[in-house]
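Thanks for coming, everyone. I have one model to walk you through today, so let me put it up on the screen.

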Amino acid sequence: MKRAVFPGSFDPITLGHSDIINRGLQLFDEIIIAIGVNADKKYMFDLEDRVSFIKTLYRNEPKIKVETYTGLTVDYCKENNAQFILRGLRNPADFEFEKAIAHTNRVLSEIETVFLLTSVKTSYISSSIVRDVMRNGGDYKLLVPKTVVKK
Ligand code: ADP
């Protein structure tokens with residue numbers, strides 16, 4: 001059984017995330033979408049909302065689980081018998097950042113990180129831009145799945 005963890009803040013989930021998840025479903029038997037909880041970080045959406053947007057989106061997809069975690073992603077993967085971490089790459093900045101994390105995770109564990117390049121149509125989307133559009137009254141619905149609603 002190939003199980004991957006897709007870790008992130010998902011504040012909120014965007015069409016970029018869902019593109020990676022949908023394509024990851026072709027590669028893995030199960031994907032755990034794991035929302036990392038960082039006490040020092042300020043989020044726009046409560047943890048419950050971030051979980052609920054994703055759970056509702058994938059309510060008919062038995063291969064997807066939605067959970068929250070604290071601590072190291074590799075420890076979370078081991079606890080859940082996941083052999084892979086799934087990440088999306090949008091641009092060279094993502095690559096540099098992700099490379100260091102993936103190398104570190106590889107030193108700490110046997111877990112492999114699998115990167116998918118973003119689709120052209122969603123490569124410009126980020127949660128931070130979505131939050132900015134929301135704050136300023138823009139049409140955020142063009143950037144996120146239907147289950148995401150502004151507070
Ligand atoms: P983090 O706080 O870990 O950066 P995010 O929720 O922003 O969490 O992102 C989680 C993962 O989704 C990361 O691998 C990130 O590169 C990827 N991702 C974010 N936006 C997109 C996008 N538009 N297309 C593809 N992947 C994306």
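Of the 151 residues in the protein, 44% are buried, meaning under 20% relative accessible area with a 1.4 Å probe and protein chains only. Before I go on: this is a predicted model, where local features need pLDDT of at least 70, side-chain atom pairs count only at pLDDT 80 or more, and totals for chains, interfaces and linings use all residues. Residues are numbered from 1 along each chain as its sequence is written, and side-chain values use heavy atoms, with hydrogens and water left out.

Now the fold. There are five helices and five strands, taken as DSSP runs: H or I of at least four residues for helices, E of at least two for strands, numbered from the N terminus. The order from the N terminus is β-α-β-α-β-α-β-α-β-α. The radius of gyration over C-alpha atoms is 15 Å, close to the 15 Å from the globule rule (2.2 Å times the number of residues to the power 0.38), so the protein is as compact as a globular protein of 151 residues.

Let's look at β4, residues 84-89. β4 pairs in the parallel sense with β1, residues 3-8, over two bridges; pairing here requires at least two DSSP bridges. Phe84 in β4 is the bridge partner of Ala4. β4 also pairs in the parallel sense with β5, residues 112-117, over six bridges, and there Leu89 has Leu117 as its bridge partner.

Terms used:
Buried < 20%, exposed > 50% of the residue type's maximum accessible area, 1.4 Å probe, protein only.
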